[in-house]
Amino acid sequence: MNDFGLVLIGLILCTTTTSSLHCNHLPLQQKKVIENSLQLLDKMGKKFPQQCLTEKMSFRFPEQVLKPRQREAVKMAIEEIFHHIFYIFSKNLTLAAWDGTALEQFQNGLYQQIEQLEACVIKKQTRVFQNKEVNRRKLKKYFKKIDCFLEDKQHNLCSWEISRAEMRRCLQLIDKVIRKI
Amino acid sequence: GQTSLKSPQDIQVYVVNTNFTLRWKYIGNDTDVTFSAEYRWFEDFGIDGTEWTELPGCQYVTRKECDFSSAITEYYDEYHLRIRTERREEVSPWSSIFEMTPYDIAQIGPPGIELQSINGDIKIKVSPPEANRVRKMWIDDLSFKYSLVIWENTPNAKFRNQHIFPTDIIDDLAPDTTYCLKVQATYPLESKEGLFSPVHCVKTTHKVNVPFCPTNVTILALNMNFHLHWNNQYQQHVSYNVQYLSGYLKKLYDDYSIKWLNVPGCENITDTQCNFSSIITTVSGSFYLRVQAMNEYNKSCLSNEVKVDPLVTNEIGPPDVKVDIGDDALLHIQIYPPGGSQSQLMRDHYDLSYRILYWNNSSNNEVEIQRKEIKQTIGTISDLTPSTLYCVKVQAFSVVYNKSSDFSKEECIKTPGDKILPLIILATFVIAVFVVLLVAVPLVFILYQVYNKIKYVFFPSCQPPLNIEGFGGQFFNSPYRSTTEEPIENCSIIETIITEDLNQIDFKDCKHSKQSSRDSGNYSNDDDTSGNKASEETLEKEII
């Protein structure tokens, strides 16, 4: 059956009938969010600190989630990843000592995409994901691992820098995939 | 041996957050039976699971349900469950296996609510379903969208549904009225709806109307230039402070009311408008804006909030257009994208295209407007009729954002006339004239000559005298003979009168003939050199 459940074809391709809610710009905006997020991730901190190299962890991002079998399925996987990244970066960042403005813009950009997509989904009453989906569960496990890692290290500088590097790798992979689509 | 105990049937698992309850049915009247369950777990999506293990919390239970929350640690992995009936040494066969993935069947528990009424509105604070829990099913509590149901505490009251943020204000309520409400957490992307919280009721306070509160707060944005406008009926001694908030802050569980910032350049102003373009540092990200008014007694009032989604709120301005006709006789349209310094940003984010409208403005008949849509900033129009005035106007539009600008000013240009045709006409004319002359002049000349000859022959200017008609070749000899008498024969008398007449003839009359004749001498007229052979010959012919 469908991989990432119902494809949002109706949502993304159809023009809306109401004047207030438009959903056609979401694919284009998604591309921009990925670009912006990568730039801001670089901007918010400095080079990876040497002292944190010893603490590096292998989180093993489930790359098969982004294998483009179905374009829409991949796009929805990316939306879910945005949710997870937004959540992780909302935690206690005081010890990370990153640029507050860049961080705010990073979060704000992710959130705008999340919110608008959500509104379109609710409006169109479209079921995005079907529950029985191994890839999505793998994705959730991956982010749970990062969350637990941060908790265990009490959100110290190195745990944050490692997480930031990991998110950067994740977004770069997404960027590569979305450019092909 | 064979057992008479029946296996439990209709196994169900009920999960709320991280609380797992196993339920089953047992067909049989036996009262002294107990039930025990086993489970196995497929770690990390593996094919081979663990061995069947006793399910903690579900060993020798007498009721037909048990709580096995302690056994489940990995919520994304698959678990298999089975249960059997026991009585003393007897055991039933194992029931059918129940397969489950905890996350998939888990329900979202009810959220927590705190209520407070302020100035006729209800301020609500929602806490996530697993707040303060160590082990969470719903790790990402930011992904919840909270759904509120509110109604007046009167019989047959209408229900009102709306989405709210974790910290939000429910307005548009009647003051001094008791309202009841309940909230559920939802995961829109997974179409998951959680359990409702218990119903909470609160009475709204009375509303104080502050006269100088800013009203009609609206946003006007053109080409990424953002302006906030508002009204105020009470104009005197009021200063304003425009504040903004990053959109994502409302999604967090922290109190964002302390996070509003002043818009630079719009602090302590008296004008009822503000240019807040400076805070739109990036088009990715929404903002909320509000106006705080302060009167002379330092009493303040906050306006309603308005939301800005930069690319959605902004309107695209018209482009600039220049038209030109190239040597290829094509109409070239140069489009200058709207936005000035922001034009690159707009082109990039809106994925702008351009709609060109052009028409023939020369004729007075009904004008047929043609259109062309392009993505580049240079357009060409071909198939134009020469010597016609064409007018062009262009609008920029974004397909994905469903936005289009006003049309640019009309630019008109006349197509050049056909250069070649007049040249051809001129050349043809010249050649024709030349040919005509070439033919006509000799023709006229020939005709004239013919005319002359005819005239000379039929209408000569010098007439021979009538009496020399038929005179023959003795003409020349006769002048000599006329003076001497000729020997007269007996036969006839030759009249010599004629010869004397001949003498009288003055050849001077025939001056037109060119050849001169030479007399023998006696009768040569010295002054008459025009006497000629030709006239003599013609006279001879006449005589003959």
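## The span 420–448 of chain B

Residues 420–448 of chain B are 100% helix and 0% strand, with the end C-alpha atoms 42 Å apart. Helices (H or I, at least four residues) and strands (E, at least two) are DSSP runs, numbered from the N terminus. An unreviewed UniProt entry lists this stretch, residues 420–448 of chain B, as "transmembrane region". UniProt positions follow the numbering used here, feature names are shortened, and annotations may be inferred rather than shown by experiment.

## Basis of the model

This is a predicted model, in which local features need pLDDT of at least 70 and side-chain atom pairs count only at pLDDT 80 or more, while totals for chains, interfaces and linings use all residues. Residues are numbered from 1 along each chain as its sequence is written, chains are lettered from A in the order in which they are written, and side-chain values use heavy atoms, leaving out hydrogens and water.

## Fibronectin type-III spans

From an unreviewed UniProt entry comes the label "domain: Fibronectin type-III" for residues 7–105 and 317–418 of chain B. The span 7–105 of chain B is 4% helix and 44% strand, and its end C-alpha atoms lie 24 Å apart.

## Where chain B meets chain A

In chain B, 47 residues are in contact with 40 residues of chain A (heavy atoms within 4.5 Å). About 4100 Å² is buried between chain B and chain A, 55% of it from carbon and sulfur atoms; buried area is the accessible area (1.4 Å probe) that two parts lose on being put together, summed over both. On the chain B side, Tyr76(B), Leu189(B) and Tyr248(B) lose the most area to chain A, together 19% of what that side buries.

There are eight salt bridges between chain B and chain A, a salt bridge being a side-chain nitrogen of Lys or Arg within 4 Å of a carboxyl oxygen of Asp or Glu. Glu74(B) forms a salt bridge with Lys141(A), where the closest N and O atoms are 3.8 Å apart. Elements of chain B that each supply at least two residues to the side touching chain A are α1 (102–105), β22 (287–294), α2 (310–313) and α3 (343–350). The largest share, three residues, comes from α3(B).

## Disulfides

Over all chains the count is seven disulfides (pairs of cysteine sulfur atoms within 2.5 Å). One disulfide joins Cys23(A) to Cys120(A), S to S 1.9 Å. The torsion about the S-S bond of Cys23(A) and Cys120(A) is about -100 degrees, so this disulfide is left-handed. The pair links distant parts of the chain, 97 residues apart: Cys23(A) is in the loop between α1 (9–13) and α2 (26–44) of chain A, and Cys120(A) is in helix α4 (residues 100–124) of chain A.
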